[in-house]
Amino acid sequence: ILLMGSSLLFSSLFGILLGTVSSRKPYSIADSLTSIASVIGYSAPIFWLGQILIIIFAINLRLFPSGGMSSARLGLQGIELLTDILWHLVLPAATLGIAQLALITRTTRASMLDELYLDYITTARAKGLPWSTVIYKHAFRNALLPVVTIIGLHFGLMLGGAVMTETIFGWPGMGRLMYDAILRRDYPVLTGSLLVSSLLVILGNVVIDIFYAFLDPRIRYGER
């Protein structure tokens, strides 16, 4: 939950932010660089990306630990233990979230560009509203619907990516548990892990459907 939640929060917040900023000036230098980086980030395999991050940031620069969830030998407690866990979380969460970050960025940009050329946006601009108000108070909320759909649909893919990420970084999570169960041919543990993963995917889609009602009032009106 810690790894999945952190990577999902990271990819969602920064992906929506980058996609919205790129849509403000389409086909500019900043937009082109963001698009190129998004394609590269989405195309990079997770197992390769994780090892590259370990080589650069853990081995060469020595900024982050290369694996594990905490520094067990130090015997940390309280705030120090929490800080140490978060320090170990940076590289695995970045590895798992970069591919989703790239996809959410591209989806947000495309959705925003579609909204900015609709009639109600032209009407809002004709009224003399500031460009920032038109983007963030009119177009942004409607553009979020397909983005939320992408986040919900790829929740299951993140569970699959967590298997490789937790194995590479030695993170003690469900993904690594499933990997170890496969190697040991521990079928009861593997079956239970797959069952829990399936339930999490269903729960994620239910949460996304409920969140739809807050983004689009028409859904609530249709139910009534």
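Trainee: How far apart are the mean positions of the positive and negative charges of the protein?

Mentor: In this predicted model, the mean positions of the 16 positive and 12 negative charges are 6 Å apart.

Trainee: How do you know how much of the predicted model can be read with confidence?

Mentor: The mean pLDDT of the protein is 85, and 94% of its residues reach 70 or more. Where pLDDT is low, the predicted coordinates should not be read in detail.

Trainee: Which elements make up the protein, and in what order do they run?

Mentor: The protein has 10 helices and 0 strands. From the N terminus on, the order is therefore α-α-α-α-α-α-α-α-α-α. The C-alpha atoms fill a box of roughly 65 × 45 × 35 Å along the principal axes.

Trainee: What share of the residues is buried, and what is the accessible surface made of?

Mentor: Of the 224 residues, 38% count as buried. The accessible surface comes to about 13,300 Å², and 69% of that surface belongs to carbon and sulfur atoms.

Trainee: What does the span of helix α9 show when set against the expected value?

Mentor: Helix α9 covers residues 187-215, which is 29 residues. From its first C-alpha to its last, helix α9 reaches 42 Å, close to the 42 Å expected at 1.5 Å a residue. Several residues of α9 are buried, including L190, S197, G204 and Y212.

Trainee: Why is L190 called buried?

Mentor: L190 lies in helix α9. Its relative accessible area is 18%, and buried means under 20%; L190 is therefore buried.

Trainee: Which residues is L190 in contact with, leaving aside its neighbours within four places in sequence?

Mentor: With those neighbours left aside, L190 is in contact with M178, A181 and I182. As for L177, it is 13 residues from L190 in sequence and 8.1 Å away in space, C-alpha to C-alpha.

Trainee: Why is T133 called partly exposed?

Mentor: T133 is found in helix α6 (residues 131-153). Its relative accessibility is 23%, while buried requires under 20% and exposed requires over 50%. The value falls in between, so T133 counts as partly exposed.

Trainee: How far is T133 from I54?

Mentor: T133 and I54 are 79 residues apart along the chain, and their C-alpha atoms are separated by 42 Å.

Trainee: What makes the phi of Y27 worth a remark?

Mentor: Y27 has a positive phi of about 65° although it is not a glycine. Most residues other than glycine have a negative phi. Y27 is found in the loop between α1 (2-24) and α2 (29-43).

Trainee: How do you know whether Y27 is buried or exposed?

Mentor: The relative accessible area of Y27 is 69%, and the cut-off for exposed is over 50%; Y27 is therefore exposed.

Trainee: What is the phi of R62, and where does R62 lie?

Mentor: R62 has a positive phi of about 55° although it is not a glycine. R62 lies in the loop between α3 and α4 (79-116).

Trainee: What share of the contacts between residues at least 6 apart in sequence joins residues at least 24 apart?

Mentor: That share is 71%.

Methods: Residues are numbered from 1 along each chain as its sequence is written. This is a predicted model: local features need pLDDT of at least 70, side-chain atom pairs count only at pLDDT 80 or more; totals for chains, interfaces and linings use all residues. Side-chain values use heavy atoms; hydrogens and water are left out. Helices (H or I, at least four residues) and strands (E, at least two) are DSSP runs, numbered from the N terminus. Buried means under 20% relative accessible area, exposed over 50%, partly exposed in between (1.4 Å probe, protein chains only). Contact means heavy atoms within 4.5 Å. Accessible areas come from the Shrake-Rupley method with a 1.4 Å probe; for residues, only the protein chains shown count as cover. Lys and Arg count as positive and Asp and Glu as negative; His and the chain ends are not counted. The place of a charge is taken as NZ of Lys, CZ of Arg, CG of Asp or CD of Glu. The expected span of a helix is 1.5 Å times one less than its number of residues. pLDDT is the predictor's confidence in each residue, from 0 to 100.
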